[in-house]
Amino acid sequence: DRQTLVAVLQFLRRSNLRESEEILRREARLLGDDLGGSVATVATSSPGVAAVAAVPPGKGETRGDCGVGPSSPGSGAGRVVAAVCWLFRLSEQLLFPGAFAVGGAVVVEDQPDVSAVLSAYNQQGDPTLYEEYYSGLKHFIECSLDCHRAELSQLFYPLFVHMYLELVYNQHESEAKSFFERFHGDQECYYQDDLRVLSSLTKKEHMKGNETMLDFRTSKFVLRISRDSYQLLKRHLQEKQNNQIWNIVQEHLYIDIFDGMPRSKQQIDAMVGSLAGEAKREANKAKVFFGLLKEPEFDVPLDDEDEEGENEEGKPKKKKPKKDNVGSKSKKQDPNAPPQNRIPLPELKDSDKLDKVMNMKEAARRVRLGPECLPSICFYTFLNAYQGLTAVDITDDSSMIVGGFADSTVRVWSVTPKKLRSVKTAADLSLIDKESDDVLERIMDEKTASELKILYGHSGPVYGTSFSPDRNYLLSCSEDGTVRLWSLQTFTCLVGYKGHNYPVWDTQFSPYGYYFVSGGHDRVARLWATDHYQPLRIFAGHLADVTCTRFHPNSNYIATGSADRTIRLWDVLNGNCVRIFTGHKGPIHALAFSPNGRFLATGATDGRVLLWDIGHGLMVGELKGHTDTIYALRFSRDGEILASGSMDNTVRLWDAVKAFEDLETDDFTTATGHINLPENSQDLLLGTYMTKSTPVVHLHFTRRNLLLAAGAYSSQ
């Protein structure tokens, strides 16, 4: 391809790479020194070279070799192919000095410079032909066989965006406007919000400050396509000499090719919708230790009531075996569990052991839930919450409830008859007999007893709250960019953790205490320890705000949901992203792990609850029914029931046992992502419970499986 060779030679000359220029000239058998136009024709079979010139290596599909055309390395064309490939590699190194190659793709380590990022749009295609190119491809795809059409239709959206941005960048504003108006209506409905942002970018200057635009440019849009469909597309574009589109496919898209049957429209629709397309299959291949850690063993003493009952009747003890089961449930090591010392966890204090004993006693009286035995629901409504309720949490033993408010206050209530008390002053404490049995009672100041404590300190709305497992501490995060740790002994702020530069949307304590996670508008999640004022890990990878965070029950992993419509699972040990789940069509606002650690449930603004198998990295279910954003998800204590709470003022209960039984997770499904979701999620819906006019923002199962729900009454 004469034009490309001329362009490459000019680039080499401008870069003072005379030697390379000479090598290419000899390989291509180019005569004469005039690069302007009188370059002798290349003595090779042109199609092979033309294909290569338009297909830089390391773009799109990852290949070991560089050639695509019908030329062998021994022929003249093959040598030119090799030379051009080598030059592209060289030019990539010149353009990206801080980059390193991974599987043929160029990965830039630092956040790229805006102008460098945008300069990739400096294509010199004829602006008037863009509509023709796009409609030509559209016609080809719409006329292709049904089995290929669904897969190739995935190209419409990313190509539309990149062609539009290319026109805008090269200042063809009227053509860009006409292109947008003609084709934006053809895009899938779940891209409407992105298209609204795109429609506001009408000048080159607008592109520099726009984050969505930069994300789209720097992260390759991932499409999963079968080999047959891909070959069909490649053949069509080469026959039509449609270099403009082929360049975009190679430059900006990552095509994840699999062998086997093409996927159906329904299978594709279930998985697409995120800001950067689907997850690459490699992203979900790492081993995840999703099992639970072995619980420490201790004897469960009998209650007084039990002893009395048994003494009266004089019969063998009835309740004890039950309790033993509770203790022995976790004695066998789970084969999927991480090593006990994989991450350092805090040691159990005496008070923690006491609490675990209480927990086991409660568990012995736990109601076994199921389709025939649904939980009672107790709803806490916040009335007159004119300060705007923005976050809720309930302690594990259901004794306290906290609300975060838009007026920057954090309010803690006791929901048992026991009032909240602060510790006495230092002078009073010195008078107490430290050896007495009830020293823990004596240190509390009765004069401070009240049902409500208000904590002041934040300077913006409080978006997330979380109690520590031992109920001694409370976390809150705010629009002011800080996470605060409060003492529930003194009801004062102990630490303000500064690390996020923007609003922090969510925070949560680890199930073992000590560690906590926060996520915010700066697109990263941070892992902290209560005694470090700097984060221990920074989890970066989301393309938009991290809206919700959750610890896995074994504390070795953290799930984050984002406004980029993906969920990521991070390894606490090394900070790596080990799972990327795509399928939601709106920002994620709720996450819940099943008690056995195997599954994850996620809820979003699209009103759908999606269920994921963490070990295989697959979507295994979709629960439809809510008509508005889902803000709360919680599994019952034994994992039989999943409760979801939404802005549509309802709590819905789903049969989790049925949802997860008979899962198809064979090797083929895992390898290709051909998921087959059950058609009717209504079979799994066990009940819908309406409130009068209260959106549900939090759900919590007590230790005996009573469901607590919370929200603020809205008068509209």
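Analyst: **One residue and its surroundings**

Let's begin with Glu278, which is in contact (heavy atoms within 4.5 Å) with Gln154, Val222, Arg224, Arg263, Met271, Val272 and Thr582, once its neighbours within four places in sequence are left aside. Keep in mind that this is a predicted model: local features need pLDDT of at least 70, side-chain atom pairs count only at pLDDT 80 or more, and totals for chains, interfaces and linings use all residues. Residues are numbered from 1 along each chain as its sequence is written, and side-chain values use heavy atoms, with hydrogens and water left out.

Helices here are DSSP runs of H or I with at least four residues, strands are runs of E with at least two, and both are numbered from the N terminus. Glu278 has a relative accessible area of 3%, so it is buried. The scale works like this: under 20% relative accessible area is buried, over 50% is exposed, and anything in between is partly exposed, using a 1.4 Å probe and protein chains only.

One of the contacts deserves a second look. The side chains of Glu278 and Arg263 make a polar contact at 2.5 Å. That term means a pair of N or O atoms within 3.5 Å; within protein, one must be able to donate a hydrogen and the other to accept it, and residues adjacent in sequence count only if both atoms are side-chain atoms.

Val161 belongs to helix α8, and its relative accessibility of 3% makes it buried. What does Val161 touch? Not counting residues up to four places away in sequence, Val161 touches Leu198 and Phe216. Val161 and Leu195 are 34 residues apart along the chain, with 8.4 Å between their C-alpha atoms.

Those two leucines lead us to helix α10 (residues 192-199), whose buried residues are Asp194, Leu195 and Leu198. Looking down the axis of α10, these buried residues fall within an arc of 100 degrees, so they line one face of the helix; the arc is that of the directions from the helix axis to the C-beta atoms. What covers the buried residues of α10? The cover includes α8 (156-169) and α9 (173-183), and α8 is the helix that holds Val161.
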